Amino acid sequence: MNAQARAVRLGPRSVAALALVSAVGVVAFGWPFLTPPTSRLSAHAQDAPWLFAGLLVLLVAVVAAAISESGLGPKAVAMLGVLAATGAALRPIGAGTAGIEPMFFLMVLSGRVLGPGFGFVLGSVTMFASALLTGGVGPWLPFQMLAMGWFAMGAGLLPGPDRLRGRAELALLAAYGFLAAFAYGTVMNLAGWPFMSALASNVAFDPHAAVATNLARFLAYCLATSLGWDLGRAVVTVVLTLTLGPAVLRALRRATRRAAFETPVTFDAPRT
């Protein structure tokens, strides 16, 4: 009987690093709703996204290093490189076409098979590689790396990784991909929304307004700018998960079993 595919395990330091960067990420994305109008941060509304972008670069690097040290051996790093390159190559396929982003379904399936830690690193590295490939490097990139890391990590946290198989698992992954595609678009809207004051006053962030007012503005901004794109991304993710998911899951699990990530690489002593 074949051994089960095992996700890459995380040590306590890696879990702590993930928790830290996620907490800072929540503040980096949600600060317009977390700070009162009288705070000093609101007074620097145009500077805050840049400051958070610089901080997130450092924190994502720390998390990747911590996870690599505790859970990613040479075989897992090779798998990470292959999947990140594949995801980066898939992203430009839908460039300029609303919602056609096939890389998302690969992130969901990879995070499911290889676990939340591997998923976070994969999502971040894939987004970084695809930005270099497409020329999409800017202050938004750290936010994209963190959001995609969360997206893939969430798939690794879904229930029943060792028991749930077949149609039930595909339905779970498709439902997660559908909802997470909207969540990804929403949090990325938060990253760019504070910059919009000079362009769209009716839906822009107002640092002097109450939280309820800014929330209404943000919802109007999402409906006006990204709802159609997010819906397309969600539908494409569901369709690819249901059609290609069984074959991709089998391939990932077969590769994980053969790689035996938790088995240390050893070399035989030379014979005398």
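**Exercise 1.** Are Arg253 and Glu169 buried or exposed? Describe the contact between the two side chains.

*Solution.* Both Arg253 and Glu169 are buried. Buried means under 20% relative accessible area, exposed over 50%, and partly exposed in between (1.4 Å probe, protein chains only). The two side chains meet in a salt bridge, 2.6 Å from N to O. A salt bridge is a side-chain nitrogen of Lys or Arg within 4 Å of a carboxyl oxygen of Asp or Glu. Arg253 lies in helix 10 and Glu169 in helix 8, so the pair ties together parts 84 residues apart in sequence. Helices (H or I, at least four residues) are DSSP runs, numbered from the N terminus.

**Before going on.** This is a predicted model: local features need pLDDT of at least 70, side-chain atom pairs count only at pLDDT 80 or more, and totals for chains, interfaces and linings use all residues. Residues are numbered from 1 along each chain as its sequence is written, and side-chain values use heavy atoms, with hydrogens and water left out.

**Exercise 2.** Find the salt-bridge partners of Arg233.

*Solution.* Searching the whole structure gives five salt bridges. In one of them, the side chains of Glu101 and Arg233 meet at 2.8 Å, N to O. Glu101 sits in the loop between helix 4 (74-90) and helix 5, and Arg233 in helix 10 (residues 227-259), so this pair ties together parts 132 residues apart in sequence. Next, take Asp230. Arg233 forms a salt bridge with Asp230 too, the closest N and O atoms being 2.8 Å apart. These two are three residues apart in helix 10, so about one helical turn separates them. Now check burial. Glu101 has a relative accessible area of 10%, so Glu101 is buried. Arg233 is buried at 5%. Asp230 is buried at 4%. Finally, salt bridges that share partners join Arg112, Arg165, Glu169 and Arg253 into one network.

**Exercise 3.** Classify the ring pair Phe29 and Trp150, then the pair Phe104 and Tyr184.

*Solution.* Start with the method. A pair of aromatic rings is described by the distance of the centres and the angle of the planes. Rings of Phe, Tyr and Trp (its six-membered ring) pair if their centres lie within 6.5 Å; planes under 30 degrees apart count as stacked, over 60 as edge-to-face and the rest as tilted. The whole structure holds seven aromatic pairs. For Phe29 and Trp150, the centres are 5.7 Å apart and the planes at 45°, so the pair is tilted. Phe29 lies in helix 1 (residues 12-34) and Trp150 in helix 7 (residues 141-156), so the pair ties together parts 121 residues apart in sequence. Phe29 is buried, at 3% relative accessibility. Phe104 and Tyr184 are edge-to-face: 5.1 Å centre to centre, with 75° between the planes. Phe104 is in helix 5 (residues 103-114) and Tyr184 in helix 8, 80 residues apart. Phe104 and Tyr184 are buried. Ring pairs link Phe104, Phe151, Tyr176 and Tyr184 into a cluster.
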